Amino acid sequence: MLPDLLSRFPPTGHLARDVDTLLAAHGRERIREHVPRVAGEARRLATRFGVDPNRAEVAALLHDVGGIFERGEMVDLCLGLGLGVLPEERQVPLLLHARLSEVLARELYGVTDAGVLQAIRFHTTLHGAPTPLDEVVFLADKLEWDGGGTPPYHAALSRALEGGLEAGTRWMLGWMATPEARLLLPHPDLKAAWAQYGIAHP
Ligand SMILES: [Fe+2]
Ligand SMILES: [Fe+2]
């Protein structure tokens, strides 16, 4: 899979364009429209909260590239790459898109910054020990979601962010524990994030 992608989509050094080309070639129009919005929001949040905006932008540009794969092949792809697959991820394979994004960031686009790779990996769920960069990418993905239109929580999350990055993260994690979030199941990393922030959850 990786040699094939490397030969068909060799990086040109212009990351935003390369990601757009890759997504377009795989017919991922929704992600293609979503990614530049997340990248812009990640830059804004990073600048506002003292995080390196360039690292935030790189993570945001790459956070959903794993979405080029079909959800039906994600489990086998991860196993083939030697990545462990949790029972929750077998049940909801789409959760694995973030792991695959991390692999592509490293192997296709040559990202070596461990903090950027971590922010990509945990952009959906966060985890038990998030860095400010993780939180910026997580929240940018939620503010500029791919669900169409404005997310129902946008105004409340924006208000919470007036209290700082951590307050915004806590608010978002809290919302994700409500029925309105309609989670198919909570990933163990999300449970760890809830525990870290002291959020009661289902
Ligand atoms: Fe995602
Ligand atoms: Fe996303």
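1. Let's start with arginine 182, which has its place in the loop between α11 (165-176) and α12 (188-196); helices here are DSSP runs of H or I, at least four residues, numbered from the N terminus. Its phi is near 45°, a positive value in a residue other than glycine. At 72% relative accessibility, arginine 182 is exposed (over 50% relative accessible area; buried is under 20%, partly exposed in between, with a 1.4 Å probe and protein chains only).

2. Keep in mind that this is a predicted model, where local features need pLDDT of at least 70. Residues are numbered from 1 along each chain as its sequence is written, and ligands from 1 in the order in which they are written.

3. Leucine 126 also has a positive phi, near 60°. You'll find leucine 126 in the loop between α8 (114-121) and α9, and at 0% relative accessibility it is buried.

4. Now the metal: which residues coordinate the iron ion (ligand 2)? They are His34 (NE2), His63 (NE2), Asp64 (OD) and Asp141 (OD), at 2.1 to 2.2 Å. Donors are N, O and S atoms within 2.8 Å of the metal (3.2 Å for Na, K and Ca), and water is not among the atoms, so sites may look incomplete.

5. The iron ion (ligand 2) sits 3.4 Å from the iron ion (ligand 1), and aspartate 64 coordinates both. Aspartate 64 lies in the loop between α4 (53-62) and α5 (71-80) and aspartate 141 in helix α9 (residues 132-143), so this pair ties together parts 77 residues apart in sequence. Aspartate 64 is buried at 5% relative accessibility, and aspartate 141 is buried too, at 11%.

Methods: This is a predicted model: local features need pLDDT of at least 70, side-chain atom pairs count only at pLDDT 80 or more; totals for chains, interfaces and linings use all residues. Side-chain values use heavy atoms; hydrogens and water are left out. Helices (H or I, at least four residues) and strands (E, at least two) are DSSP runs, numbered from the N terminus.
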